[in-house]
Amino acid sequence: MNKLTKTIYRVLLIASFLAINALILSGISAVLSYLNTGADKSSMLHLEVPMDKVYSPKVTWKISNNPGRTMEKQTLAEIEGDYLNAWHVRNIAFKKNDRYGVSDFYTDSAKQRVFEHIELNKKNKNWFKSTTLEHFPELNFYSEDGTLVVFTDKNVERYQETYQNDSLLYQQKDTTNYKVMMLLEDGFWRIRHFNQIENSKIIKPSINRNIKPILSSIDKIKGINYYPQKSPWDTFGKSFNDSIISNDFNIINEMGLNTIRIFIQYEDFGKANVKSNKLEKLKKVLDAASRHKLKVIITLFDFYGDYDVTNWTLTQRHAETIVTAVKNHPALLGWDIKNEPDLDFNSRGRQSVLSWLNEMNTKIKQWDPNHPITIGWSSPEAAINLANEVDYVSYHYYREPHNFIIAHNQLKSVVTDKPVVLQEYGYSSYDGFWNMYLGSDKKQIQYYTTMQQQLVDEKVPFVFWTLYDFEKVPTDVAGSLPWRTRKQHFFGCIDLNGNKKSVYEILKQP
Amino acid sequence: MNLKYFILIILFQLSCSREQVSITHAENFRPQIISNKTIYEAGETISLEFKTNGEVDAKILLKNAYGSSLIAPELNNNNIVFKVPVNYRKKAGICNWVLIVNGKSVTKGELQILPKSKAKPTLETYFGPRSITAGISDYSMLVCVTTDIYDNVFPEGTDVLFRSQFLNTISENTITSKDLISWKNIPTTKKAGRILVNTSFKEVTSSELTSIVFPSNAVKFMIKADRNHNYADGNQIIKFQTDVILDKYKNIVSDGTMVNFIVENTHGALLNTVAPTIRGIASASILHPSEKDDWKITAYVTGAAKSNTITAKFKTAIKDYEVIFSESNRSITIGPLTSFMQQLIPDGILIQLEIYNKSGKHLETKKVSSIKGFGHINLEKEYHPNGDYHLKLKAAGIHKEFDLTLDE
């Protein structure tokens, strides 16, 4: 007993000795490593932090009528940058009712006005999301010492959402003229005077659209949603290979189809600054399609889900670059603004999504007046949205094939004057644990037989989903849950080994 | 992509139907504005009153250049009254309003707010560039903005008085404002000096602002040289001086204008000394040469003007010197070096010895400076073994040659 107690004491003593030593050592090392840390060496250099583009409405200057000093290109760019920053910080300030950043771009007396607005809105619990889309500033005066500038910002197109507490109360788009005086202070061009002035008669050049020839061909669409087998949802990625694409187009030719639908991912293409190598790849795909006599529907903004007013200008620059780059390509059939935007109604607010789409629709019409525009709604019911705005209506249908024609005709009864395209439909032949072994090639054949019969009978233009079964499906498409994603792999008419599945013959056009 | 979101569709339909209800409600109801005044002066009380048939959920959305606000009404009998907050009332320009009932705009309008003309105005004056050069083409620019007590710019067509003074001339001009500002170029003068300006509007006058007219570029000028004696002793200093340098309008050039004196010697080498002007005069110094020389001196104000060229001749100060070999020819003593009055030359005359072997191959150059009239050179055994050598000695422009045998 005594011996045991002794041993216990010994063990305890040694253990506590070791523990105390360990503690002391770790304490000393913590102190030493703390003393060794310091500012990052590169922070000694006051390097300018490269800023992402955050706000880029379209700005068109007119500088011919300036009686003062001749405007330098460099200064004009600085003025434009700081003027847009002034708009941006104010938009953000009214969104959060926070003064952050305002002092950088407004002089002392001008910023007081902004602060008074913020305080009032904070008290009334209302806030605003706003953005400006286009500016047409006209330089009135630039002082000899280069520190004062006056200009008239004409036809400023502004979109604003008014929120009361947390709910959207009112949306508004307006066009306003401003007279602005800015001063160069501490290296910033700051707003000194900012006046809203009488709107001159705004004469917007009417756009001559010439889409009739293409629109009349839409009823003849027999198409396919296309991704290369090895790089689904990543057509323009690292594994881009135009000979593979060309081969695929051969197969599509063989099937007797005349149209493909492709997708451009917003981030992949570089957001507001569209990457030129991506545009090159896009042109190669269009060239290949042109060689194979295929028409191409380009779907923009894939994997984009933030319709926030704050980012409108960025998405518009993105679309503008792509649209203007390929708008004269002979293979282009039309623009699909966004794939299944109605799926974002819940998370982003129906009104926000619709406003974004509507505005994008207007802008794309300006940039490319000669190609029709559509939106790929996820169901025939959702396709009623903005049906008056788009040039032709597109929707997707993945439900019971027997009910298809009822749903289609219901939509046709509302949309009477525009072509209606079944832009996505299909059936997965996946047969496995996650769908209780309920799918099969046979069911896929049944599905397409029923669908194709109805499509032929009712003369519905169609674009089915898709050419290949895919080995890999990115998680962005259907999440990471296997019972959701597994069936995504088997919608094709050619299987993973490159063999034609039985549906191939059904989908082959006479 | 391929998924059928039934719930979503149902939700979407629900949201559609809910909205339609509110539309019909709003359409049935159009409040009429009672007040028809649309032009106000900044600071004045503004309230917008609408006729309604009882309580409604109405808000007014105000917008001016600086931002927007949502205002709740007050009830007045059966009418609703919106009091425009002070930050909208004191900002001149256009103020838009939209009456929103149940989330829909039912009527809208525009208020025009004018700057407050009664109270004491303020003047903002900007003047620059503040330093200009004399002549005919340069100018400063005076810009003026007139504002009311709420910092609103007075409308186009406001007259502002511009005054400027130079020597005995005071000029006055009335300038009409356009694009927020009134402005005038203040031209430079042929005489250097200061131009004072100010502006006034109504009873308010700005403070005095100054632009300095600096002299223009220098034109051709003269130089002279001054020295104690004309011996090339390598010790005395020769001084160069310009006359008063002027610009083409007879203004003395600005203090600190750098003048570059370039000396060309008989070998064609260029020596250089620089001095800034003070009251138009620049003076620079340079050491006498240590051998006979002829100098040509020209001064430049870089990029602007050039002087005349003067010459300076230097006579030999050291006529000859002795060379003594000792310690088996390994120690060479040069001197005494004496100057024009047989005085020992000041320390620092360069003595140069070039050593060749008997086949004429150059082995080494040794350089020493004279100390107290003498120079010493040793030829060490380690570097120069016994044998025949040829030596060339040069000091104060005098060359001497020796054939030498080292055997110890």
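Author: Start with chain B. Strand 3 (residues 47-51) and strand 7 (residues 79-83) of chain B pair in the antiparallel sense over five bridges. A caution comes with that: this is a predicted model, where local features need pLDDT of at least 70 and side-chain atom pairs count only at pLDDT 80 or more, while totals for chains, interfaces and linings use all residues. Residues are numbered from 1 along each chain as its sequence is written, and chains are lettered from A in the order in which they are written.

Reader: What makes strand 3 and strand 7 of chain B a pair?

Author: Strands are DSSP runs of E, at least two residues, and helices are runs of H or I, at least four, numbered from the N terminus. Two strands pair if DSSP finds at least two bridges between them. Strand 3 and strand 7 of chain B have five bridges, so they pair. Within this pair, L48(B) stands opposite F82(B) of strand 7.

Reader: Why are strand 1 and strand 6 of chain B at the edges?

Author: The open sheet has four strands in the order 1-3-7-6 (chain B), with antiparallel pairing. Strand 1 (32-33) and strand 6 (74-76) of chain B each have a single partner strand, so one side of each lacks a neighbour in the sheet.

Reader: Now chain A. Why is helix 7 of chain A called oblique to helix 8 of chain A?

Author: Helix 7 (residues 276-291) and helix 8 (residues 312-326) of chain A pack at an angle of about 40°, with axes 11 Å apart. Angles under 35 degrees count as roughly parallel, over 145 as roughly antiparallel, 65 to 115 as roughly perpendicular and the rest as oblique. That angle makes helix 7 of chain A oblique to helix 8 of chain A.

Reader: Which residues make the contact of these helices?

Author: Helix 7 of chain A brings L279(A), L282(A), K283(A) and L286(A), and helix 8 of chain A brings I322(A), A325(A) and V326(A). Contact needs C-beta atoms, placed from the backbone, within 7 Å. Ala, Val, Leu, Ile, Met, Phe, Trp, Tyr, Cys and Pro count as nonpolar, Asp, Glu, Lys and Arg as charged, and the others, Gly among them, as polar.

Reader: How many residues of chain A are in contact with chain B?

Author: 51 residues of chain A are in contact with 36 residues of chain B. Helix 4 of chain A gives the most to its side, with eight residues. That side has 20 nonpolar, 19 polar and 12 charged residues.

Notes:
Axes are lines fitted to C-alpha atoms, for helices over the stretch in contact, and angles run from 0 to 180 degrees between N-to-C directions. Two residues are in contact if their C-beta atoms, placed from the backbone, lie within 7 Å.
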